[in-house]
Amino acid sequence: MEIRPDPRSLWLSRAFRSLGKLGPFRLPRSRLRAGALMVAALTMATATLAACSAAPATSVTPATSGSPGEVDLPGPGHPAWLLARSVLNQLVLDPAAVSELNGKLVYELLQPGQPPLPRVVAEPVVTFASAAALESAVDAGKVPSGTFGVQFDPEAWVFTPAAEQRNLVHVAAAAAAVAHAHGLRLIVAPAIDLSTVLDASGRGPEWRQFLDLDLVGRMAKVADVVELQAQSLEQDTGVYTAFVHAAAAQARAARPGVDLLAGLSTNPPGRATDAKELMADIRATRSTVDGYWLNVPSPGAKCPTCHAAQPEMAAQVLGVAP
């Protein structure tokens, strides 16, 4: 059996050395690891996945293994992808999706208590809808060793306490302090519907009310990555682009160089979408954001009106990403 160093351990040692030079709250852009998802030959009906390459790749080499590498934060040329564990678990079986992810920065989004996928090199991120739950889990040591960061996903729903919804910037700053104290990065993903809580008298589309609050700019001052939950706008590329550009401008005015992701969904509530619409959104915004949170939600308590999950659409989007 081949024995080789744990890629996360090697990456963390480099990251902590860099943190000593740059200050406590910012990882250098050149030290984020790119996840390479390489599918090996099928043996006993099991796909064997290997580690990462030092530069973005466009093809997959079966039955090979690699060593940890360092790349610049992907940015417009090579977008980063935030993908739930359940989505990654299906995408690694699709050669086109694997080829697109190979050499890219991949954040693997985990629910509390959920382990990362074995043999997939990605940056594990544990997500919480409540800042208090996030802080409690981190302080109690319930976030597994090797985790890259934690995500605070506040929305106007029962999973984010009402008091947190009304005091988002304060609770996000507190969550960032706890995360940073434990060597973790913080991603914040404030939903557009929070505008109905923070300014109930607002007029016009929710996304314009959301921008009027400058919530993204204020979040950018405390978080390491800001995710723009624009997926509800994705079926109108003009509106999607206007929102992403305006929100990104607010974030970077508040904190130049802050990392930004934009949201997309294969099966949002309402009218069904398709891969062409998602690709149009990506083409229109890739010069503005560093990557995308590609949602493939399943109908349930957190998305009661979502259509059936569409992982094959996610694979299509990844496979034809320019």
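These exercises, each with a worked solution, explore a predicted model.

**Exercise 1. The barrel**

Task: Find which strands make up the closed barrel, and state how they pair.

Solution. 
- Step 1: The closed barrel has eight strands, in the order 3-4-5-6-7-8-9-10.
- Step 2: Check the direction. The pairing is parallel.

**Exercise 2. The neighbours of strand 10**

Task: Work out how many bridges join strand 9 to strand 10, and which residue of strand 10 is the bridge partner of Leu 82.

Solution. 
- Step 1: Start with strand 9, residues 259-265. Five bridges join strand 9 to strand 10, and the two run parallel.
- Step 2: Pick out residues along this pairing. Ala 262 has Tyr 292 as its bridge partner in strand 10. Leu 264 stands opposite Leu 294.
- Step 3: Turn to strand 3, residues 80-84. Strand 3 pairs with strand 10 over three bridges, also in the parallel sense. Here the partner of Leu 82 is Trp 293.

**Exercise 3. The faces of strand 10**

Task: Decide whether the residues on the two faces of strand 10 are buried or exposed.

Solution. 
- Step 1: Recall the rule. In a regular strand, side chains alternate between the two faces of the sheet.
- Step 2: Sort the residues. Gly 291, Trp 293 and Asn 295 lie on one side, with Tyr 292 and Leu 294 on the other.
- Step 3: Check burial. Buried means under 20% relative accessible area. Both faces are covered, and the residues on each are all buried.
- Step 4: Conclude. Five of the five residues of strand 10 are buried, so the strand is largely enclosed by the rest of the structure.

**Exercise 4. An aromatic cluster**

Task: Classify the ring pairs Trp 207–Phe 243 and Phe 210–Phe 243.

Solution. 
- Step 1: Know what to look for. A pair of aromatic rings is described by the distance of the centres and the angle of the planes.
- Step 2: Survey the structure. The whole structure holds five aromatic pairs.
- Step 3: Take Trp 207 and Phe 243. Their ring centres are 6.4 Å apart and their planes are at 90 degrees, so this pair is edge-to-face. Trp 207 sits in helix 8 and Phe 243 in helix 10, 36 residues apart.
- Step 4: Check burial. Trp 207 is buried, at 10% relative accessible area. Phe 243 is buried too, at 0%.
- Step 5: Take Phe 210 and Phe 243. The centres are 5.9 Å apart and the planes are at 50 degrees, so this pair is tilted. Phe 210 lies in helix 8 and Phe 243 in helix 10, so the pair ties together parts 33 residues apart in sequence.
- Step 6: Ring pairs link Trp 207, Phe 210 and Phe 243 into a cluster.

How values were computed
Residues numbered from 1 in each chain as written. Predicted model: local features only at pLDDT ≥ 70, side-chain atom pairs only at ≥ 80, totals over all residues. Heavy atoms only, no water. Buried < 20%, exposed > 50% of the residue type's maximum accessible area, 1.4 Å probe, protein only. Helix = DSSP H or I, 4+ residues; strand = E, 2+ residues; numbered from the N terminus. Pairing = 2+ DSSP bridges. Phe/Tyr/Trp six-rings, centres within 6.5 Å; stacked < 30°, edge-to-face > 60°.
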